[in-house]
Amino acid sequence: MIRITDFNNLVAAMIADLNETLEVPVAGFVLVANEKHLVRKLGDKSGVWIAATIPSADPEVANEDNIAENNIFWMFILEKVDPGKFDDAGEIAHYQKIQDVVTGIKEWLRAQKLEGNEFLEYLNLQSIHTDPEYQFGGWNGWSINGNFDTDGY
């Protein structure tokens, strides 16, 4: 299982790198356990935020002497919006703005894997899944989930 402090540092490094290249900067991030925690921590913040779930872990045991863990993560890339604020064109533009950030995140994750990042070198690129999110606790945007292996217990 990845240590929570290491995951926190990984997400912070990702945002620092992304904000050097993205047209729309990420205002910040929070680590959360669930949706209720996400809504409380994001509150009325403005801008694009990432709420990353503290990864869960499942054992992967090749044999009793070789234990690894599969870490499952979710990242919600969101902006608080009034659901009646946009017409159809405005809503599409909003989702596109956040989708550009999501694309940057996926490119960053892939690059880190290929560069041998100590945590992401075992990222399962085929596990990356992206969904749009609507009024997720009052926030709209996208979510990404995936998994990567780390040393076991």
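Predicted model: local features only at pLDDT ≥ 70, side-chain atom pairs only at ≥ 80, totals over all residues.
Analyst: Residues are numbered from 1 along each chain as its sequence is written, and side-chain values use heavy atoms, with hydrogens and water left out.

User: Why is Thr150 called buried?

Analyst: Buried means under 20% relative accessible area, exposed means over 50%, and partly exposed is in between (1.4 Å probe, protein chains only). Thr150 comes out at 13%, so it counts as buried. It lies in strand S6; strands are DSSP runs of E with at least two residues, helices are runs of H or I with at least four, and both are numbered from the N terminus.

User: What does Thr150 touch?

Analyst: Contact means heavy atoms within 4.5 Å. Leaving out residues up to four places away in sequence, Thr150 touches Met1, Ile2, Ala68, Glu69, Asn71 and Phe119.

User: What makes Met1 and Thr150 a polar contact?

Analyst: The term needs a pair of N or O atoms within 3.5 Å; within protein, one must be able to donate a hydrogen and the other to accept it, and residues adjacent in sequence count only if both atoms are side-chain atoms. Here the backbone nitrogen of Met1 sits 3.1 Å from a polar atom of the Thr150 side chain, so the distance falls within the 3.5 Å cut-off.

User: Why does Gln135 count as partly exposed?

Analyst: Its relative accessibility is 26%, so Gln135 goes in the partly exposed class. Gln135 is found in strand S5 (residues 129-136), and has a positive phi of about 50° although it is not a glycine.

User: Why is S1 described as largely enclosed?

Analyst: Five of its seven residues are buried, so the rest of the structure largely encloses S1.

User: How do you know that S1 and S2 pair?

Analyst: Pairing takes at least two bridges found by DSSP between two strands. S1 and S2 are joined by six and run parallel, so they pair. Gly28 stands opposite Trp49 in S2.

User: Which way does the chain cross from S1 to S2?

Analyst: The path goes through helix H2 (residues 35-42), and this β-α-β crossover is right-handed. That label means that, with the strands pointing away from the viewer, the path from the first strand over the helix to the second runs clockwise.
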